[in-house]
Amino acid sequence: MENNITLDCSGAEDYFKEHELDYLRPKITAAHQLLHNLEGPGSEYAGWIDWPLRFDQEELQRIQQVGQKIKEKAEVFVIIGIGGSYLGARSALELLTHSFYNGLTREERQGPEIYFAGHNISPLYLTQLLEVIKNKDVYINVVSKSGTTLEPALAFRVLKSLIEQQHGKKGAGERIFATTDQAKGALKILAEKEGYETFTVPDDVGGRFSVLTPVGLLPMAVGGINLEEIMAGARRGCELFSKSDIENNPSYLYGAIRNLLYQKGKTIELLVNYEPSLYYFGEWWKQLFGESEGKDHKGIFPAAMNFSTDLHSLGQYVQDGYRNLFLTTLWIEKPAVDMNIFEQEDNLDGLNYLSLKTIYHVNEKAFQGTAQAHIEGGVPNLKISVPQISPYYYGQMVYFFEKACGMSGYLLGVNPFDQPGVEAYKKNMFKLLGKP
C-alpha cells in the first residue's frame with residue numbers, strides 16, 4: 001500500500017470545536033469550486049492547479065537534456081533569481097542532494113558546484129562569489145519573468161561580464177540559459193539577441209507557485225534530481241488533494257484549521273522541521289503563504305524554525321511567551337540514513353543509557369517531548385508527516401502546500417495569487433535611487 005502525506009491535528013483539537021469546522025464546510029466547498037473552475041480572484045495565475053497533469057513531456061525531456069549538458073560541461077552552475085525564481089529550486093537542491101554538496105569532489109557530485117546569486121544586494125556576497133568561481137568554467141541560469149528585477153539584474157550584469165571576458169560573446173551565449181517570459185521582456189529580448197537557450201515561465205503560474213515549472217526543474221536537473229519522480233509525486237498530489245471534502249483531503253483540512261486558529265488569535269504559524277535539509281523548504285513556504293495571505297491587514301504571519309537547533313534559542317519564547325502562535329511540524333517518517341549510538345567505557349557524558357538506540361530515535365523523542373510540552377503550554381500543534389525524503393514526496397509535498405495555500409487564502413477572503421504590497425518598497429527605492 002502506498003504511503004502518502006498525512007495530517008495529524010490531534011495536537012490542536014482542544015482549540016476549536018467540531019461544529020466550528022462544520023460551519024466552514026460550505027465555504028470550503030465554495031472555495032474549492034472557485035479554485036477548480038478558475039472563477040476566483042487571481043484565477044489568471046492559478047494554472048498551477050492542473051500543471052502536473054498538463055506539463056509538456058517533450059519540454060521535460062528538453063530540460064533533462066540541457067541539465068545533463070550542463071552537468072557534463074560546467075565546473076560551476078549559478079542560479080540567478082529572487083523569491084519564487086530561486087527559493088523552490090534551492091529548497092529541492094538542499095533537500096534532495098548531499099548536505100555538503102559543493103564540498104564533494106566532482107566525481108562524487110557527478111556535476112558542477114552550484115551557487116545562487118541575485119537574491120540580495122550585497123557587494124560582499126557577490127565579490128566573494130566571484131573569488132570562488134573566477135578561474136572555473138561557469139554556466140548560468142538567469143530566472144526572471146521581466147529581466148528588470150533589480151537584484152537578479154544586477155547580479156546578471158556582473159556574472160555575464162565575467163563569462164564574456166573568459167569566453168567571448170559566442171562562448172557566453174553557449175553558457176547562459178534564460179528562464180523568462182515566452183514573448184516579451186528585457187531578458188527575452190537579450191536572449192534572442194545573444195542566442196541564449198530559453199525556457200518559459202508560464203503566464204498563468206505565479207512566481208511562488210512555479211517550482212514545478214522550468215523555473216525549478218532546470219536547476220534540479222543540473223543537481224541530478226530525478227524530474228520524472230518529482231512530477232509523478234506532484235501528479236499524485238493532484239489526485240489526493242483535489243477532493244472537495246476535508247475528510248478525504250488533508251491539504252484542505254490544514255487550510256481550514258489554520259483559519260480556525262487564526263480566528264482565535266493565533267496569528268503566527270511556525271513551520272518546524274527536525275531535519276536541517278528542510279531549511280530552504282521552510283524559506284519557500286514562508287514566501288508561499290506570506291505573499292499569498294498577507295493582504296488587507298489580514299493574514300497569518302509565517303515563520304520557520306529548525307528544531308532541535310532553535311529550541312536552544314527560541315524554544316523559551318514558544319513555551320512561555322505570548323500565546324498568539326501555533327506550530328506545524330513537518331516530520332519525515334523514514335530517515336534517509338540512521339546512526340547507532342555506541343557505549344563509552346567512562347560514560348563521562350552520561351549518554352550510555354542511549355546505547356543500542358539510534359540518533360533518529362532520539363530525534364523522534366525530542367519531537368514528541370517538545371510537542372507535548374508546547375501543547376501543555378498553550379500552543380496548538382499540527383503534524384504533517386512525509387513518508388521519506390525523495391523526489392516523489394518532494395513533488396507531493398509542494399502540491400500539498402500550494403493547494404492548502406489557495407484554499408486558505410480564499411477562506412481568509414483575500415486574493416491569494418497577487419502581491420500588490422511587494423511593489424511599495426520598490427517604488428520608494430527607485431525614487432531614492434533617482435530612477436527616471
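## Exercises on pockets, cores and a helix

In this predicted model, helix α12 gives the largest share of the lining of the largest pocket, with 5 residues. Let us start from there.

**Exercise 1. Describe the largest pocket: its volume, its lining and the elements that contribute to it.**

Step 1. The volume comes to about 1,100 Å³.

Step 2. The lining is made of 41 residues, and those nearest the centre of the pocket are Gly 207, Gln 287, Glu 291, Gln 419 and Lys 426.

Step 3. Two or more lining residues come from each of α7, α12 (279-293) and α16 (422-433).

Step 4. By residue type, the lining of the largest pocket holds 15 nonpolar, 15 polar and 11 charged residues.

**Exercise 2. Find which residues of α8 are buried, and work out why they line one face of the helix.**

Step 1. Helix α8 spans residues 186-194, and its buried residues are Leu 187, Lys 188, Ala 191 and Glu 194. Here, buried means under 20% relative accessible area.

Step 2. Look down the axis of α8: the buried residues fall within an arc of 145°, so they line one face of the helix.

Step 3. Turn to the face pointing away from that buried side, where you will find the exposed residues Ile 189, Glu 192 and Lys 193.

Step 4. Next, look for the packing partners: the buried residues of α8 pack against β4 (138-143), α7 (150-175), β5 (176-180) and β6 (197-200).

Step 5. Finally, follow the chain past the helix to Gly 195, which has a positive phi, near 80°.

**Exercise 3. Which residues touch the most other members of the largest nonpolar core?**

Step 1. The largest nonpolar core has 90 residues, and the ones touching the most other members are Tyr 254, Tyr 394, Met 397 and Phe 401.

Step 2. Helix α15 (residues 391-412) gives the most to this core, with 13 residues.

Step 3. Zoom in on Tyr 394: beyond its neighbours within four places in sequence, its contacts include Gly 88, Leu 95, Val 211, Met 220 and Phe 281.

Step 4. A second, separate core has 22 residues, among them Ile 80, Leu 126, Leu 159 and Ile 176.

Note on methods: Residues are numbered from 1 along each chain as its sequence is written. This is a predicted model: local features need pLDDT of at least 70, side-chain atom pairs count only at pLDDT 80 or more; totals for chains, interfaces and linings use all residues. Side-chain values use heavy atoms; hydrogens and water are left out. Buried means under 20% relative accessible area, exposed over 50%, partly exposed in between (1.4 Å probe, protein chains only). Helices (H or I, at least four residues) and strands (E, at least two) are DSSP runs, numbered from the N terminus. The arc is that of the directions from the helix axis to the C-beta atoms. Contact means heavy atoms within 4.5 Å. On a 1 Å grid over the protein atoms alone, a cavity is a set of points where a 1.4 Å probe fits but cannot get out, and a pocket is an open set with protein on both sides within 12 Å along at least five of seven lines; lining residues have an atom within 4 Å of a point. Grid points are joined across faces, edges and corners, and a volume is the space filled by probe spheres set on the points. Ala, Val, Leu, Ile, Met, Phe, Trp, Tyr, Cys and Pro count as nonpolar, Asp, Glu, Lys and Arg as charged, and the others, Gly among them, as polar. A nonpolar core is a set of buried Ala, Val, Leu, Ile, Met, Phe, Trp, Tyr and Cys residues joined through side-chain atoms within 4.5 Å.
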